[in-house]
Amino acid sequence: MIRLLRLLCCLCSLCFFLLTMAPAHAAESIFQYNQHLGRGINLGNALDAPKESEWGVTLQADYFRLIKEAGFDHVRLPVRWETHCAGTAPYTIDPAFFERVDWAIAEARRNQLMIVVNMHHHEAFEKDPDGQKERFLAMWRQIAERYREAPPEVAFEIYNEPSKNIDAQKWNDFFGEALKIVRRTNHDRCVVVGPVQWNSIDQLPSLELPADPQLLVTVHYYQPFHFTHQGASWAGPESTKWLGTKWTGSPTEIAAIAADFAKAAAWGEAHHRPIYLGEFGAFSKADIDSRALWTAAVSRQAAARGFSSAYWEFCSGFGAYDPEAKEWRKPLLDALLRRK
Ligand code: BGC
């Protein structure tokens with residue numbers, strides 16, 4: 001009898017252990033998953049630089065804690081795998097770099113943040129998609145294999161802002177192939193995918209997706225571009241002429257965002273896909289009042305339509321956090337986290 005009781009006790013504690021260990025988001029729909037993703041922030045200019053620190057950002061454990069404590073639900077981790085991956089078959093990804101990404105994922109999870117791990121700035125792929133296809137797919141084979149046991153709070157994003165020579169037809173084809181590879185090892189992990197031309201809302205109609213229930217569709221938003229990218233060197237020489245552009249939150253300005261987001265929401269409804277606004281932000285050359293107004297408007301318009309979102313970015317040129325003063329830029333943080 002005592003033995004039987006002991007056995008029952010053991011079974012009960014095992015069940016309890018398994019239940020408490022069960023991943024929080026395992027069985028939910030992609031729409032519920034998107035709600036949990038909620039509001040996030042991009043850890044930009046760190047692992048998406050050719051080498052970490054080259055663009056002035058070195059990830060620190062403290063960043064994840066600060067982001068969690070501020071009230072965000074997730075981080076998006078842009079990763080430039082290309083500069084850490086062999087140029088010839090089998091295109092091995094540098095183990096030390098993988099360990100760095102492992103560490104970032106672990107820090108996110110330790111702080112109960114969900115995390116979207118992407119592939120960012122594969123420049124050779126954008127220039128010569130066909131020539132790089134094998135390498136691109138080999139990278140995803142390795143990434144998917146490495147994180148096959150990761151909890152469901154870790155999502156994969158196949159490619160940031162497909163553009164240049166990656167046209168819609170190529171992208172639909174390449175994405176489909178990459179997804180098949182990911183699905184061999186990650187049967188129901190959330191996979192994020194966005195349309196061509198820098199994940200533009202207007203390109204959503206060109207996105208053709210396989211019948212996979214765990215896809216989250218992403219778009220990026222930087223309109224009006226001459227406001228958000230004023231003085232941004234990578235936006236071309238005329239960006240200096242845009243300096244001084246303000247954004248005041250006038251009814252016309254708000255209506256323009258509403259109209260763009262209504263298009264994304266309508267596409268999402270028609271295709272039964274949730275929407276993730278994976279990047280939005282205004283560069284620090286714009287004045288802080290305009291930035292805060294724009295950021296609040298975009299963030300609220302996204303939330304009102306049930307989109308999850310991630311601000312571009314944490315502590316660099318668009319930074320919501322000032323790493324030198326070691327404090328949040330309050331107007332931006334308030335704009336991002338004010339509910340409603
Ligand atoms: C790019 C960044 C850029 C940002 C805003 C991102 O997708 O990766 O380098 O700063 O968009 O232009």
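Ala, Val, Leu, Ile, Met, Phe, Trp, Tyr, Cys and Pro count as nonpolar, Asp, Glu, Lys and Arg as charged, and the others, Gly among them, as polar. The structure is a predicted model, in which local features need pLDDT of at least 70 and side-chain atom pairs count only at pLDDT 80 or more, while totals for chains, interfaces and linings use all residues. Residues are numbered from 1 along each chain as its sequence is written, and side-chain values use heavy atoms, with hydrogens and water left out.

**Exercise 1. Find which stretch of the model has a pLDDT below 50.**

Solution. Begin with the chain as a whole, which averages a pLDDT (the predictor's confidence in each residue, from 0 to 100) of 93, with 91% of the residues scoring at least 70. Against this background, residues 4-24 have a pLDDT below 50, and beyond near neighbours in sequence this stretch has 3 contacts in the model, a contact being heavy atoms within 4.5 Å. Where pLDDT is low, the predicted coordinates should not be read in detail.

**Exercise 2. Describe the largest cavity and the residues that line it.**

Solution. The search uses a 1 Å grid over the protein atoms alone, where a cavity is a set of points at which a 1.4 Å probe fits but cannot get out, a pocket is an open set with protein on both sides within 12 Å along at least five of seven lines, and lining residues have an atom within 4 Å of a point. Grid points are joined across faces, edges and corners, and a volume is the space filled by probe spheres set on the points.

The structure holds 1 cavity of 30 Å³ or more, and about 40 Å³ of space lies in the largest cavity. Its lining consists of Arg 39, Gly 40, Phe 72, Phe 280, Ser 299, Ser 309, Ala 310, Tyr 311 and Leu 336. Two or more of these residues come from each of strand E1 and strand E8 (308-311), helices (H or I, at least four residues) and strands (E, at least two) being DSSP runs numbered from the N terminus. E8 gives the most, with 3 residues. By class, the lining divides into 5 nonpolar, 3 polar and 1 charged.

One of the lining residues is Ser 299, which has its place in helix H11 (residues 288-304). Ser 299 counts as buried, at 3% relative accessibility, where buried means under 20% relative accessible area, exposed over 50% and partly exposed in between (1.4 Å probe, protein chains only). Leaving aside neighbours within four places in sequence, Ser 299 is in contact with Arg 39, Phe 280, Ala 335 and Leu 336.

**Exercise 3. Describe the largest pocket and say which residues lie nearest its centre.**

Solution. The largest pocket has a volume of about 960 Å³. It is lined by 32 residues, of which Glu 161, Trp 198, Tyr 222, His 229 and Trp 234 lie nearest its centre. At least two lining residues are supplied by each of helix H5 (123-127), helix H8 (196-199), strand E6 (215-221) and helix H10 (251-271). The lining divides into 11 nonpolar, 11 polar and 10 charged residues.

**Exercise 4. Locate the cis peptide bonds that join Ala 89 to Pro 90 and Gln 223 to Pro 224, and the positive phi values of Ser 53 and Gln 197.**

Solution. Most residues other than glycine have a negative phi, and most peptide bonds are trans. The bond between Ala 89 and Pro 90 is cis, with omega about 5°, and Pro 90 lies in the loop between strand E2 (74-77) and helix H4 (95-110). The bond between Gln 223 and Pro 224 is also cis, with omega about -5°, and Pro 224 is placed in the loop between E6 and helix H9 (225-228).

Turning to phi, Ser 53 has a value near 85° and lies in the loop between strand E1 (39-42) and helix H3 (61-70). Gln 197, with a phi of about 55°, is in helix H8. Ser 53 is partly exposed at 37% relative accessibility, and Gln 197 is partly exposed with a relative accessible area of 44%.

**Exercise 5. Identify what Ile 201 touches away from its own stretch of sequence.**

Solution. Ile 201 is placed in the loop between H8 and E6, and is buried, with a relative accessible area of 10%. Leaving aside neighbours within four places in sequence, Ile 201 is in contact with Val 219, Tyr 221, Asp 260, Phe 261, Lys 263 and Ala 264. Ile 201 and Phe 261 are 60 residues apart along the chain, and their C-alpha atoms are separated by 7.9 Å.
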